[in-house]
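Subject: Structure handover

Hello,

Please find the structure below, followed by notes on what turned up in it.

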Amino acid sequence: MTACSERSVFLISHNNCTSLILAILLLISLCSCPAWGQVKGLGVEVHHVTPVQRDVVPGTITSFSFQVTNRTAMAAEFLEELHTPAGWLSLVPEGSFPLDPGTTTARVYAVLVPKDAPAGRYTLAYAVRSQQNPAVQDRVAVDVVVLPFGKLTLLVEEQPDIVVAGTPFTVTLRAINVGNAPLSLSLSLDSPSAYRVQIAPSHLELAPGESAPVTVSVRTDMRLTRPFTLYLPIMAKAHSPEGREISSAVSVRVDIMPRASEAVDLSHYLPTELLIRPSGDEDSAGLQVEVRGAGTLDAAGTREIDFLFRTPNTLPMGIFGLYDEFHVNYAYQGTRVRLGDATYGVSRLTDYFRYGRGFGVDSTVNDRLGWGTYYTGSRWRAPDARAGGVYLSYRADAHTHVKVNYASIGQGDTADRFGAYGRFASLETAFRPTADVAVQAEYGVSSGGAITGYGDTGYRVRVDGREGERLYYTLETIHADPNFTGYYSDCDYTTGTITLPLGSRLQANATMTSWKRNLALRPAALTAPRERQATWGVRYNFPAQWYATLGYQTYERRDAMPLMSFDLDEETLRLGIGRSSRRANYLLEFHNGRQYDHLTHRTSGLQEYKVFAGYRLTPQHYVTLFASHSNRRQTGYLASSSDNAGLSLNWQPLPNFTLTAWYNDYDYNNDLRRRNQGDLSARYLLWNGQSIQARARRSDRRAGEGSSTSYELVYRIPINLAMEPDTAIGAVRGRIVDSEQPGTPGVANVIVTINGTAAMTDARGEFVIPRIKPGDYLLNVDRRSIGLHRIPVQQMPMPLTITGGEVAQVEVAVVTGASVSGVVSVVSVDDASSDEAPVLYGAPDKTTLAGQRLANILIELRNGSEVFRTTTNAQGMFQFQGVHPGPWRLTVYDHNLPAYHVLEQSTHDLTLQAGERIDLPISVRPRARRIKLLEDGGVVQEQKVSAVPGVPTP
């Protein structure tokens, strides 16, 4: 995707009121300008009908309208593409349409904005190109502002990165109420796989500032034979005190690894694939071979390359036929070289988006200075031109960028302006006066052209800004003198769009656009249109996921030629209502308006209805439909005269099988223009990474133009190319063995992890963890996977050092673990006396605890490197399981012993054998006290003695 379709997200500033005031003033001033008229593109011209900026709420549908004009001298079949941000769903399939020379058609698209789309500015690009001549192409961009909403946050606290197939796992989330009112939350999850997924709890009550954990449990399929990425889209919804629905969503990614081990390969690969593509229609067929790849040539990633070789040319062989093409792009240390078939150019004002065969260089001298050049020639005769250019760029700081451009276009042999020639120079700058405002400006001059004349100029200025969280604006003006024959020619264009909040649920927007063509009133052009368009609208978000839009749109077109051929006004009132839910999303639009023709003094009314809908039957089944109906038989600018309908189905019955089908019926109430299109596509992923895709499209035309059926079969084969030994990665090869069995056989299905990377042993007990960066790691064996009471002989986790370019060898022995258990209890001791003094045991009141089992006594088991601790339960019992064979010392601590009681023995040395079970009783005795009695019975001295008679206490 080119720069015109890149996403631009601007920072938020609540104190930048100056930019807001300037934006409003500039928008008002632009509304009074009799400007625009965009003559651009190369043979085909695409214009906006809807505003160039649209504000939406996540989870809703928004629609766009474009006008496409064929400015070549030949009829053509045009292919269309809609470039959207990742995760955005187009509800109208991308098809094709015929267009006669000089005629215009309207195209309508609608997209579903994801529920978890972050707030910010996004760009969608609509592009068309001739199927017969790919150089005839144009595109326009639409900004979509996703508004912030809600005061609910859903965060991922803990999740596994990699899970071995067949192993259950859990994901821990935290739902946080960051608002100032209580929320009642409902949590849901759409799993795109056949795995069993549960979320608990599914409902939560959260006070302001309160949070609560949420657990997602997943059972994976042990039959998986190739790596699979599982996405878990989790949604939390609540209603605000005003009744507005708020929500938060996260998408958790977990890589599921098959149980079979991979082979060790420490080579660095360039991702490459071979495509074998037979295609055709009823009249012809052909076989095309394509090799393409993209990646780095070295393991360090300093040398990047992408390439494509496709031959032969199958363009005439059905709608799926592709032209032969080759290109190689190479980048190294700030320099990028392009060679072959591609789009070239230096700037939007001079030469831009020109497809041809040539070369280009873009280089960065240092952090501030850069330069570039290109030369290209058209591969097809319309337009036939040679073009070249050069630029020099300078980045003054992080906010200011200046660029000087020069381009030259050689004359072709076609008769229209697209075969014109000229030389262009321009000064271009991009800067940010504030953190929330971005400005692009370019001024250019030209010499030569289709008409004799020199020194014509052009300029382009665009301002994108943001104020607060919900106010966005875009301002753009473009001017090209009559003899300025760059990408724009003989036109003025001015547009301004602003969206601003009027409350927590109400959003307003306004767009003013005006344009002018044929500035010099040249008679050969026949017309000199002067057009103006204005749109005002509001959007209101109702409770329970409903929303409504109301808009008023006007269009004014005048002909400045003495013998004017048109002079008309249009106005429409647009009402839309939609709903967004977890399964269903739909939008209904109603347009009511009129057109007044000043030449004939006739007024005609228009009514147009549109519906766009998407419904998720299951996580693997999604259906979309659209339909429009109009009572108008003549196409206007604001409303179409066509009746269209379409339906699409996306179905994934198996994780490796996808089926897509769609059917469109254009102009179904007009027998002269009616055209049906149906498309069926199936894609199957093979176990070895290969895939097969079959596709067929049927087009029926009712006006005697006949019908056609096109098809293609694409067999995709990964042929990743080994570049060099990768010293930046290492690998681990190991074996888990049973040391208690003769011959130490391997243990199958044992899970081994290294810092989150997992593998499972095969039938021979072998495992491989490939492609690990060098460093120190900890290897661990999942105790649950090696069997009940089984433990590794080596202490886990085991330190492991990975060296680049080498395979670390590991062997881990498994044995049956020993166990140590026991009971801590009080034993009784009889009073004793000696010649010196009597000895008493226990408390002074002779209260006895004999036979009592003691709880909460700390027990420690240590072997020098491993330490286990536990406390006795209410019955005085303790137990250590899964203990390695060898010498151990058990220590009993006397911190919680009853008063006047001592341990009979505090330490015990043990030597454990594999599988041995030791039951060790721990005795606690009353403490002995030797006393001296006075004649009257009083005690004059007390001396501690051992709890064991005859052994003195120190």
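A cavity is a set of points, on a 1 Å grid over the protein atoms alone, where a 1.4 Å probe fits but cannot get out; its lining residues have an atom within 4 Å of a point. Grid points are joined across faces, edges and corners, and a volume is the space filled by probe spheres set on the points.

The model is predicted: local features need pLDDT of at least 70 and side-chain atom pairs count only at pLDDT 80 or more, while totals for chains, interfaces and linings use all residues. Residues are numbered from 1 along each chain as its sequence is written, and side-chain values use heavy atoms, with hydrogens and water left out.

Cavities
There are four cavities of 30 Å³ or more. β3 gives the largest share, six residues.

Nonpolar cores
A nonpolar core is a set of buried Ala, Val, Leu, Ile, Met, Phe, Trp, Tyr and Cys residues joined through side-chain atoms within 4.5 Å. Buried means under 20% relative accessible area, exposed over 50%, and partly exposed in between, with a 1.4 Å probe and protein chains only. The largest core has 35 residues, and I61, V68, W88, Y126 and F612 have the most contacts inside it. Strands that each supply at least two residues of this core include β3, β7 and β8 (120-130). Apart from it lies another core of 29 residues, with L154 and V214 among them.

Two residues
Contact means heavy atoms within 4.5 Å. Not counting residues up to four places away in sequence, W88 touches V111, L112, V113, P114, Y122, L124, V144 and V146. E712 sits in strand β45 (residues 707-718). Is E712 buried or exposed? E712 counts as buried because its relative accessibility is 11%. Beyond neighbours within four places in sequence, the contacts of E712 include R277, F320 and R695.

The whole protein
The protein has 67 strands and one helix, a helix being a DSSP run of H or I of at least four residues. Of its 954 residues, 50% are buried.

Regards

Definitions and conventions. On a 1 Å grid over the protein atoms alone, a cavity is a set of points where a 1.4 Å probe fits but cannot get out, and a pocket is an open set with protein on both sides within 12 Å along at least five of seven lines; lining residues have an atom within 4 Å of a point.
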